[in-house]
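Dear colleague,

Please find below the structure that I am handing over to you, together with its sequence. My notes on what was found in it follow directly after.

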Amino acid sequence: MTTDRREAENLIAELFHRMGYHVRRHVIELGLVVDMTVERDGLKSPVEIKVRRLRLGLAEVQQLYLRFSHLIQAGGYLSPIICVFGSISPAAKSYAAATPGFRLWDIYELKERARPYEDLFQRFGAIAGDTKERKETAATQTEVGKQAEELIKRLTDHENHGGLSPQEYEQLCQESVAFLFDPHLYGFENQSETSDGANRYDFICRIKPGDPFWDAIRMDFRTRSILFECKNYSKPITADQIYSTERYLFSRALRTVCFLISRLNSDDSAKRAAQGAMRESGKLILLLCNADLIGMLRLKAQNESPTMILDEMIWNFIIRLDLRCGLPPLWHGT
């Protein structure tokens with residue numbers, strides 16, 4: 001991308017001016033600094049400009065939406081327009097398309113909107129020609145995308161048809177988790193056994209410091225590791241599986257978090273039991289299934305962070321706790 005910030009702002013301002021808008025630049029509204037506002041026929045929208053060498057991802061788009069949401073709710077403004085001098089990930093585009101009142105234009109969209117104005121069209125076209133990324137197709141998948149698709153196929157086949165032994169399912173789950181979260185989760189150990197030999201869990205790993213999401217897990221739940229249990233059941237798991245898993249977790253050993261993965265979703269009794277473990281002893285048992293792993297793998301294939309799904313799941317888990325029965329640890333998230 002050869003354009004700079006000033007050139008990008010000038011081009012966007014000129015484009016909106018040609019389209020018949022009144023343009024105000026560097027506006028402060030309700031304490032929020034806005035790159036520009038555009039107004040036509042009494043309708044006004046805030047405009048944010050992003051100049052990106054790497055493509056704009058889902059997490060940043062979600063943050064932009066939250067940033068402008070209170071401005072829209074306060075009235076007087078239509079949906080924000082985000083103009084990106086660069087490309088946008090497929091997940092970010094899908095999010096914007098599914099979110100009412102949110103417009104997201106990449107450099108190719110901007111170029112098309114400039115088509116009626118020959119000089120502007122040429123200037124936007126020169127910028128679009130400088131970007132190396134194009135819309136992704138199956139024929140141009142990255143190596144990461146290919147690995148993700150292979151794991152997705154195996155998980156989907158298992159969800160629909162079964163056919164794996166418990167050991168094979170554990171291996172598939174560990175491969176998926178390691179692929180998703182390397183290098184932030186590391187040191188995987190299989191079939192770990194407690195010192196008295198009475199309890200055995202499927203696998204465990206350490207958390208490497210330095211990532212905002214995993215640092216929040218370490219701090220808020222006082223843990224240095226993540227324990228994994230894999231339930232290869234043909235029916236949704238129940239509270240019994242939560243109770244058997246809870247005994248592997250110890251706050252004094254800084255082992256308070258377990259990701260319990262099952263072929264299918266969990267029933268309501270399992271969810272209530274997991275809430276009870278959090279309320280009573282601050283132990284987080286996060287219930288995942290094949291479909292959750294598949295969703296994270298799809299994000300990974302698009303070079304998005306799969307922890308966004310985990311972050312949302314933990315947040316929803318925390319806010320749905322009955323706090324009258326005791327307060328859980330504070331979840332900061334990312």
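The side chains of Asp 106 and Lys 93 form a salt bridge, with 3.3 Å between N and O; the term requires a side-chain nitrogen of Lys or Arg within 4 Å of a carboxyl oxygen of Asp or Glu. This pair links distant parts of the chain, since Asp 106 is in the loop between β5 and α4 (107–113) and Lys 93 is in helix α3, 13 residues apart. Asp 106 is buried at a relative accessible area of 6%, whereas Lys 93 is partly exposed at 30%. Here buried means under 20% relative accessible area, exposed means over 50%, and partly exposed lies in between, computed with a 1.4 Å probe on protein chains only.

Please note that this is a predicted model, in which local features need pLDDT of at least 70 and side-chain atom pairs count only at pLDDT 80 or more, while totals for chains, interfaces and linings use all residues. Residues are numbered from 1 along each chain as its sequence is written, and side-chain values use heavy atoms, with hydrogens and water left out.

The count of salt bridges comes to 16. Another of them joins Arg 67 to Glu 48, whose closest N and O atoms are 3.1 Å apart. Arg 67 belongs to helix α2 and Glu 48 to strand β3, 19 residues apart. Arg 67 is partly exposed at 27% relative accessibility, while Glu 48 is buried at 8%. A further salt bridge, between Asp 157 and Lys 153, has its closest N and O atoms 3.0 Å apart. Both residues lie in helix α6 (residues 143–161), four residues apart, or about one turn of the helix. An α-helix has 3.6 residues a turn, so residues three or four places apart point the same way. Asp 157 is partly exposed at 32%, and Lys 153 is exposed at 54%. Salt bridges that share partners also join Glu 48, Lys 50, Arg 52, Glu 60 and Arg 67 into one network.

Which strands pair with β4? Strand β3 (residues 43–51) runs parallel to β4 and is joined to it by five bridges, and strand β5 (residues 103–105) is also parallel to β4, with three bridges. Strands pair if DSSP finds at least two bridges between them; helices (H or I, at least four residues) and strands (E, at least two) are DSSP runs, numbered from the N terminus. Strand β4 (residues 81–85) is largely enclosed by the rest of the structure, because five of its five residues are buried. Ile 81, Cys 83 and Phe 85 cover one side, and Ile 82 and Val 84 the other.

The largest nonpolar core has 54 residues, and those with the most contacts inside it include Leu 185, Trp 214 and Leu 310. Such a core is a set of buried Ala, Val, Leu, Ile, Met, Phe, Trp, Tyr and Cys residues joined through side-chain atoms within 4.5 Å. Helix α7 (residues 166–181) gives the largest share of this core, seven residues. Apart from it lies another core of 23 residues, among them Cys 83 and Trp 105.
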